[in-house]
Amino acid sequence: MEKTVASSTIGNVVQPEKVGSYQKQTLWSSVIGYAMDGLDMMLLSFVLPLIISDFHLTTAAAGGISTITMFGVVIGGISFGVLADRFGRVRVFTWTILIFSLFTGLSALAPSEQLFVAMRFLAGLGLGGEFGIGMTLVSESWPTKLRTKATSWVALGYQGGTLLATLLASYVSGHFGWRGVFAIGILPALLAWWTRRNLEEPAMWLENRRMTHKGFPMKALFANRRVTLTTIGLIILTSVQNLGYFGIMNWMPTMLATQRHATISGTIFWTLSTLSGMVIGIIVFAWAADKFGRKPAFITFQISAAIIVWIYFQITSPVLLVALGSVLGFFVNGMMGGYGALLSEHYPTAIRSTAENLIFNLGRFIGGFSPLFIGLLALHGSLSAALGMISGIYILAALAMLLLIPETKGEDLEAIEAE
């Protein structure tokens, strides 16, 4: 099996120039890993009514399952990000998927609500490391000119996991219940482990591991004024990204049903329309970010998202809402095609995985409050009006991108080591 990568040497660091079997293997393993994120989150959503019935849960207790899972994801993401910088991307990447697989399987066997919640938290710990470590691994192993394109494919994995969850939940739960769904969910996770079992560490990390911080690596994200402002700006961006995504995807089906009187099939069509727009948006965004630069691409999508969200939630026709769902998804989630590359291009190898996981998972934690925030706003008005107010946060993100975050198009990751 080919273990080396075509490269050139800059200083002591190996810079990949071509795409070989190693690069493809890192990409494939990271895509499948992030797909597990989308798969797990959607599986829980689909089978939650069955779990409520089985354990006789209140709605508050049922909602707490998702919250506790998210806490596990955030804690695991930050912890495993630090460990990946210390012990290696591939080694810790393998730990995360094994932990996720083990506790997903044990979730299917949980005899009580308390044990099920505990298993969900522990599964979330493993799941949390998938995004940041996978994005770091791909960023460090792919050529500079293809970095955004490669990380955008990792982002597409989440959408693939969402679609797989739809298929699994609809078929498996009808025959084997919610426990069967979680049991079957082990198989894709084991596939993710299999794809990375013989993977080697990227040359960039091997060359720089002697520089790995032995103390508290998160301090390096605030090393000086410039780095601190960049970190704050990136946290704002990832928070807005997750606020918008979770808010719209959680409440939109309810709005369609209660305010627009859409049927269940109409809600499904909206989901498919929106997901298709997200996939196309991620691909187009990656092209734009490499062609025109990170700042122009993000700012254009952020301003466009603000406009389309405001307009979209003034529409009253269910048919038009479904038809334009793809446009909404295109701009709201297309930016996911750039975060893997953007986050990796601002921090040196010694703290890159820490930065990716900490910043994105902080954004995910803040974004997790979006459904609650929108629900509170809807108490004093319509749900559609509350959702429309999301548009303002994209202007905040555009300002953060413009004022706080430097342009990094074509940035050699090795050059960051010397700064």
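Helix α15 runs over residues 352-367, and at 1.5 Å a residue its 16 residues should span 22 Å, which agrees with the 22 Å between its end C-alpha atoms; the expected span is 1.5 Å times one less than the number of residues. Helices (H or I, at least four residues) and strands (E, at least two) are DSSP runs, numbered from the N terminus. This is a predicted model, in which local features need pLDDT of at least 70 and side-chain atom pairs count only at pLDDT 80 or more, while totals for chains, interfaces and linings use all residues. Residues are numbered from 1 along each chain as its sequence is written, and side-chain values use heavy atoms, with hydrogens and water left out.

**The chain as a whole**

- The secondary structure of the chain comes to 19 helices and 2 strands.
- Of the 419 residues in the chain, 57% are buried, where buried means under 20% relative accessible area, exposed means over 50%, and partly exposed lies in between (1.4 Å probe, protein chains only).
- Among contacts with a separation of 6 or more, 84% are between residues 24 or more positions apart, a contact being heavy atoms within 4.5 Å.

**Around helix α15**

- Because 13 of its 16 residues are buried, α15 is largely enclosed by the rest of the structure.
- P217, which is found in the loop between α8 (203-208) and α9 (225-258), is buried with a relative accessible area of 6%.
- Leaving aside residues up to four places away in sequence, P217 touches V82, I351 and T354.
- Although P217 and A355 are 138 residues apart in sequence, their C-alpha atoms are 8.9 Å apart in space.

**Salt bridges**

- The structure holds 9 salt bridges, each defined as a side-chain nitrogen of Lys or Arg within 4 Å of a carboxyl oxygen of Asp or Glu.
- One of them joins R364 to D37, with the closest N and O atoms 2.8 Å apart; since R364 lies in helix α15 and D37 in helix α1 (residues 21-55), the pair ties together parts that are 327 residues apart in sequence.
- R364 is buried at 3% relative accessible area, and D37 is likewise buried, at 0%.
- D40 and R120 also meet in a salt bridge, at 2.7 Å from N to O, and this pair links helix α1 with helix α4 (residues 113-128) across 80 residues; both D40 and R120 are buried.
- R147 and E345 form a salt bridge with their closest N and O atoms 2.7 Å apart, and because R147 lies in helix α6 (residues 147-184) while E345 lies in the loop between α14 (336-344) and α15, the pair ties together parts 198 residues apart in sequence.
- Salt bridges that share partners also join D85, R89, E140 and R352 into one network.

**Aromatic pairs**

- A search of the whole structure finds 21 aromatic pairs, counted when ring centres of Phe, Tyr and Trp (its six-membered ring) lie within 6.5 Å, with planes under 30 degrees apart called stacked, over 60 edge-to-face and the rest tilted.
- The rings of W178 and F182 have centres 6.0 Å apart and planes at 80°, so this pair is edge-to-face; the two residues are 4 apart in helix α6, which separates them by about one helical turn.
- Y312 and F313 also form an edge-to-face pair, 5.2 Å centre to centre with 85° between the planes.
- Ring pairs link Y34, F131, Y158, Y245, F246 and F360 into a cluster.
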